[in-house]
Amino acid sequence: MIQLEEITSRNFDAATGIRVRPDQEHAVSPVTQSLAEAYVHPEGVAWPRLITDGGRPVGFLMAFLDIDWHEDGSVLRSGLWRLNIAAEEQGKGYGRFAVDSVAAEIRRRGGKELYVTWHPGPDGPEGFYLGLGFRTTGETSGGQTVGVLDL
């Protein structure tokens, strides 16, 4: 059974042990950096979760919830901040499960859109996100393409 677990002292080592394929390391920060970023943001903005299948760690996601997108209070957005699927677990539906889980959480909180950013280029995850129904917004953030999925 695939599920999300809150990151605790009990599963911290499992979460930080998630490693993507070497050719993907340039495109997504390691879990340790994500958890550090979650710690320094105001409570409730970052939503980090371990993805498990039958209790076995297979990935990590971190959503952002009502983040101040332009850092001026004008636009609040929610979406998928990080997605790390363990190298040996890719192609098994865990990424889709992660996106669906974040979408469900955003809907539960009253949100209507799920945002994501990705590194452009042939070795990036653009095909994955577009295949799930995301569309590009024409924006970039930190050199990454911004996509949105209507919920």
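Predicted model: local features only at pLDDT ≥ 70, side-chain atom pairs only at ≥ 80, totals over all residues.

**Starting from one asparagine**

Residues are numbered from 1 along each chain as its sequence is written, and side-chain values use heavy atoms, with hydrogens and water left out.

Back to Asn84, which you'll find in strand β4. When I say helix or strand, I mean DSSP runs, H or I of at least four residues for helices and E of at least two for strands, numbered from the N terminus. What does the side chain of Asn84 have a polar atom 2.9 Å from? That would be the backbone oxygen of Ser29. Asn84 also touches Ile18, Val20, Val28, Ser29, Pro30, Val31, Gly59 and Phe60, leaving out residues up to four places away in sequence. Contact here is heavy atoms within 4.5 Å.

**Along to the loops**

Next, Arg19, in the loop between α1 (12-16) and α2. Arg19 and Ala87 are 68 residues apart along the chain, yet their C-alpha atoms are separated by 6.2 Å. Neighbours within four places aside, Arg19 is in contact with Ile85, Ala86 and Ala87.

Then there's Glu89, in the loop between β4 and α3. Is Glu89 buried or exposed? Glu89 is buried, because its relative accessible area is 7%. Its side chain makes a polar contact of 3.0 Å with the side chain of Lys92. By polar contact I mean a pair of N or O atoms within 3.5 Å; within protein, one must be able to donate a hydrogen and the other to accept it, and residues adjacent in sequence count only if both atoms are side-chain atoms. Further along the sequence, again skipping neighbours within four places, Glu89 is in contact with Arg56, Val58 and Tyr94.

Compare that with Glu71, in the loop between β3 and β4. Glu71 is exposed, because its relative accessible area is 73%. Glu71 has a positive phi of about 55° although it isn't a glycine. Asp66, in strand β3, also isn't a glycine and has a positive phi of about 55°.

**The helix α3**

Now α3. It has 15 residues and reaches 21 Å from its first C-alpha to its last, close to the 21 Å expected at 1.5 Å a residue; that expected span is 1.5 Å times one less than the number of residues. Its buried residues are Tyr94, Gly95, Ala98, Val99, Ser101, Val102, Ala103, Glu105 and Ile106. What covers them includes β1 (2-6), β2, β3, β4, β5 and α4. Just after α3, Gly110 takes a positive phi of about 95°.

**And the pockets**

Last bit. Rolling a probe the size of a water molecule over the atoms shows where empty space is left. A pocket here, on a 1 Å grid over the protein atoms alone, is an open set of points where a 1.4 Å probe fits, with protein on both sides within 12 Å along at least five of seven lines; lining residues have an atom within 4 Å of a point.

The largest pocket has a volume of about 1100 Å³, where volume is the space filled by probe spheres set on the points, and points are joined across faces, edges and corners. It's lined by 43 residues, with Trp81, Arg82, Leu83, Thr117 and Tyr129 nearest its centre. Which element gives the largest share of that lining? It's β4, with 6 residues. By class, the lining has 18 nonpolar, 15 polar and 10 charged residues. For the record, Ala, Val, Leu, Ile, Met, Phe, Trp, Tyr, Cys and Pro count as nonpolar, Asp, Glu, Lys and Arg as charged, and the others, Gly among them, as polar.

The second largest pocket holds about 170 Å³. Glu6, Ile7, Leu35, Ala38, Tyr39, Ala46, Pro48 and Arg49 line it, and α2 (31-40) and β2 (46-53) are the elements giving two or more residues. That's me done, thanks.

Note on methods: Buried < 20%, exposed > 50% of the residue type's maximum accessible area, 1.4 Å probe, protein only.
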